[in-house]
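Subject: Handover of a structure and the findings on it

Dear colleague,

Please find below the structure that I am handing over to you. My notes on it follow directly after it.

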Amino acid sequence: MRLVLSATLMVAAMMVAGMGAAHAQLTPPTTAGAKPKTVTTVPVRPALQKPEDTASAMAQAERLALQSDLAWVGEYNGAISGDVSERMVNAIKEFQKNRGGKPTGVLNPQERGMLADTARRKQESVGWRVVTEPATGARLGIPTKLVPQLTSDASGAKWTSPTGTIQVLLTRRKEASPTTAKLAEQERKEPAGRTIDYTVVKPDFFVLSGMQGLKKFYLRGTLKGDEVRILTILYDQAMQTTVEPVVIAMSSAFNAFPSGVQAGPPPRKTVEYATGVVVSDDGAIITDRIATDDCIALTIPGYGSADRVAVDKEHDLALLRIYGARGLKTLNIAGQATQTALDITGIADPQNQGGGAAASSVKASVAQLGGGDQALSPPPAIGFSGAAALDGGGKFAGIAMLKPVIVAGPANAAPPAQAALVPADTVRSFLKAHGVNASGESADAKAAVVRVICVRK
């Protein structure tokens, strides 16, 4: 790296040189025949400072902002980590050269202001926001004006433009003994038809770009242990001028496993167990929406396959149907619970009962009934999501839902509720909206609950 003088040091050098000249003029001349007096002069040289030294003296937050701004103006293509690197210094030099300045590698205040202003205008034009994705805890930058539509589940998230010309996908999955080389090779082939024009494989991440069908794509993947997280950006070729500068910023901002942030729940299980409540004798079952998402098969043991016919995403309810079943025991969900001490009746995960499938009840309390979902404490066991909640008088209080134990957020934040109650009125309104005549008369919750098994890929 070429050594450069800062402006201050150059001035200092000139001052030292001037002082040396003045000193030479004031030295008295020797008289004829006299032996000249020897004067030992130690030359003073100006200190040379590397641009890396200047960058290292900055605060971490300032370095992060500098790297981000350089990425936005298209000069920096690297991790926004705050670490000083030759790549960052070269990016500064390119920014200076492209604007007619001297490529010193150290920005003066005017240059830094110009860089920040240019980056800010580009960010505002696309609605740039750095977000933490709840299901994974990953941190990434999203151009919200370009991709305003969001869908998500436990496997990741997808942001899309209204016409589908731009798509941003964050996915997660488990792999046995993954390596970046193996993952990169796998992603080169899936989906079929990808053509690759750029590949980088490092020990902790890999990057691929090229064409996927009629769209250009950029993919950045990283791993930690056996979990893989991949950011994929797809866009029509006609959008290249608009999207490519943003792609660089998104890649640089992507932090799949940020330190100090707790990860979300683990990737969705291949086989997941929940509880359902039979609410009508023609096979209507109310259960947990999240526990029945992305299933390739839904089964009610003893009754066969079930269809998911309706969902309430706001309250995480799902309506299942089984057909041709006889002798169903239905729960009376009429009336209004008046007590906050509840009996939660469901069927625990087989691992929690030695492979068994017996219904059981546990005690829980709810802070308040009605007016929205309420926290339950203590949370029931895994498998109880979708369980029936009755008060001490046998009145239906609602459906118990298990919530993720850990969500993305600061490590020292208070943990969220691990279980919630969807109140009886909400359940009844959902069933009525979908034409279910909840005519059950029994208060025997153990007879009316069934195990729900979801099988995923």
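Helices (H or I, at least four residues) and strands (E, at least two) are taken here as DSSP runs, numbered from the N terminus. On that basis the protein holds 9 helices and 22 strands. This is a predicted model, in which local features need pLDDT of at least 70 and side-chain atom pairs count only at pLDDT 80 or more, while totals for chains, interfaces and linings use all residues. Residues are numbered from 1 along each chain as its sequence is written, and side-chain values use heavy atoms, with hydrogens and water left out.

The protein as a whole

Of the 457 residues, 41% count as buried (under 20% relative accessible area; exposed is over 50% and partly exposed in between, with a 1.4 Å probe and protein chains only). The accessible surface, from the Shrake-Rupley method with a 1.4 Å probe, comes to about 23400 Å², and 55% of it belongs to carbon and sulfur atoms. Among contacts (heavy atoms within 4.5 Å) with a separation of 6 or more, 59% are between residues 24 or more positions apart.

Strand β19

Strand β19 covers residues 387-391; 5 of its 5 residues are buried, so the strand is largely enclosed by the rest of the structure. A387, A389 and D391 lie on one side and A388 and L390 on the other, and both faces are covered. Two strands are said to pair if DSSP finds at least two bridges between them. β19 pairs with β16 (residues 341-347) in the antiparallel sense over 4 bridges, and D343 stands opposite L390. Strand β20 (residues 396-402) is also antiparallel to β19 and is joined to it by 4 bridges, with A388 opposite I399. β19 and β20 form a hairpin with 4 residues between them, and G394 in the turn has a positive phi of about 80 degrees.

The second largest cavity

A cavity is a set of points, on a 1 Å grid over the protein atoms alone, where a 1.4 Å probe fits but cannot get out; lining residues have an atom within 4 Å of a point. Grid points are joined across faces, edges and corners, and a volume is the space filled by probe spheres set on the points. The whole structure has 2 cavities of 30 Å³ or more. The lining divides into 10 nonpolar residues, no polar and no charged (Ala, Val, Leu, Ile, Met, Phe, Trp, Tyr, Cys and Pro are nonpolar, Asp, Glu, Lys and Arg charged, and the others, Gly among them, polar).

Backbone details

Most residues other than glycine have a negative phi, and most peptide bonds are trans. The bond from E190 to P191 is cis, with omega near -5 degrees; P191 lies in the loop between α6 (180-189) and β6 (194-201). S377 and P378 are also joined by a cis peptide bond, with omega about -5 degrees, and P378 is in the loop between β18 (374-377) and β19. S177 has a positive phi near 50 degrees, sits in the loop between β5 and α6, and is exposed at 63% relative accessible area. D294 has a positive phi of about 60 degrees and counts as partly exposed at 46% relative accessibility.

Yours sincerely

Key
On a 1 Å grid over the protein atoms alone, a cavity is a set of points where a 1.4 Å probe fits but cannot get out, and a pocket is an open set with protein on both sides within 12 Å along at least five of seven lines; lining residues have an atom within 4 Å of a point.
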